[in-house]
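I'm opening my notebook on a new structure today. I'll jot down what I look up as I go.

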Amino acid sequence: MSQVTTRTVGADEADLRLDRWFKRHFPWLGHAKLEKLLRTGQVRIDGGRAKAATRLEVGQAIRIPPLGDPPKDDEPRVSKPAKASPERIAELEAAVLHKDDAVIVLNKPAGLATQGGTGLTEHLDGLLGFLKFGNAERPRLVHRLDKDTSGVLLLARTASAAAKLAEALRKRDAHKLYWALVMGVPIQRMGKIELALSKLPGAAGERMVADEEDGKNAVTLYRTIETAGRRAAWLGMAPLTGRTHQLRVHAAAIGTPIVGDGKYGGAEAFLTGGVSRKLHLHARGIKLAHPDGGKLEIRAPLPPHMAATWDFLGLTLDKSADAWLEE
């Protein structure tokens, strides 16, 4: 490449980190070189400066400076097919909550990363080829969940469906409901948490912190569904924005960190008595326009470790727990 070019972020690239986007399109460009291009402002998103960790949105324009030609010995690489155990493939197929010509909805298992990252040997993005169900192309990720968060995850089976779903999510036309078990009981049983967040890099990985001055707006609705005395509370949480770790930081900010969330709750975020130390955060449901018309409304059952905790604490699953929290 000997001249400046511009590329538009596609629907299947939504929420991809900028450095991984470059790795996908220009695999021969080293990380150090990319960092220099970013520092000097030669790579820009919609005309503004960006960082390697910037998450992309559908339709954004990426300015690409002259990168030179790839090395002559850099022959096109043929991607090796993903490998997975029969058990993992069976788990993925069993996790399908809904499937039609345009959309697949998964109940993502806790502990399975949505996309690749440092030190990850397995992630959902690398396993999507096992969920083609007769299609020529593998499905596309439309959004993501944290590795340790379980629940509803949307996949698009066509480029058109991916664009429509991503647009609905970007415009906040989707209603999401999460279930969380938190330590203690909120002073206000229901309300709105408005706390701007910023990313703080660190040796232990990125961490989100409250930052009212320079942070990005983050808003969460919540209500207390049921309590286990003063020991713990079951919350319904509806994020109106989509910041990294938003629900985890917001829950901790009101004095009730999510059970199992040592990152934001420290040693006090764990229940005794045999309760799992895994994160107790679950994407319970989503409601949005279906790409082919009508509404798509899906709910995901609790993962095994949370179901066991609900049983241990005597929490009752009923229809009232599924009330959608909307503005």
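Entry 1: The model I'm looking at is predicted. I went looking for cavities and found one of 30 Å³ or more. Rolling a probe the size of a water molecule over the atoms shows where empty space is left.

**Entry 2: the lining.** Which residues line the largest cavity? I listed His 143, Leu 145, Val 152, Lys 176, Tyr 178, Ala 283, Gly 285 and Ile 286. I sorted them into five nonpolar, two polar and one charged. Strand 15 gives the largest share of the lining, three residues. I noted that strand 9 also supplies at least two.

**Entry 3: helix 4.** Next I turned to helix 4, residues 159–170. It has 12 residues and reaches 16 Å from first C-alpha to last, close to the 16 Å expected. I looked up its buried residues: Ala 161, Ala 162, Leu 165, Ala 166, Ala 168 and Leu 169. Seen down the axis of helix 4, they fall within an arc of 160 degrees, so they line one face of the helix. An α-helix has 3.6 residues a turn, so residues three or four places apart point the same way. I then checked what the buried residues of helix 4 pack against, and the list includes strand 9 (175–183) and strand 15 (281–289). Just after helix 4, I spotted Arg 172 with a positive phi of about 60 degrees.

**Entry 4: Arg 88.** Is Arg 88 buried or exposed? I found it buried, with a relative accessible area of 16%. Arg 88 sits in helix 3, residues 86–94. Leaving aside neighbours within four places in sequence, I have Arg 88 in contact with Pro 109, Leu 112, Glu 122 and Leu 127.

Definitions and conventions:
Residues are numbered from 1 along each chain as its sequence is written. This is a predicted model: local features need pLDDT of at least 70, side-chain atom pairs count only at pLDDT 80 or more; totals for chains, interfaces and linings use all residues. Side-chain values use heavy atoms; hydrogens and water are left out. Helices (H or I, at least four residues) and strands (E, at least two) are DSSP runs, numbered from the N terminus. Buried means under 20% relative accessible area, exposed over 50%, partly exposed in between (1.4 Å probe, protein chains only). Contact means heavy atoms within 4.5 Å. The expected span of a helix is 1.5 Å times one less than its number of residues. The arc is that of the directions from the helix axis to the C-beta atoms. On a 1 Å grid over the protein atoms alone, a cavity is a set of points where a 1.4 Å probe fits but cannot get out, and a pocket is an open set with protein on both sides within 12 Å along at least five of seven lines; lining residues have an atom within 4 Å of a point. Grid points are joined across faces, edges and corners, and a volume is the space filled by probe spheres set on the points. Ala, Val, Leu, Ile, Met, Phe, Trp, Tyr, Cys and Pro count as nonpolar, Asp, Glu, Lys and Arg as charged, and the others, Gly among them, as polar.
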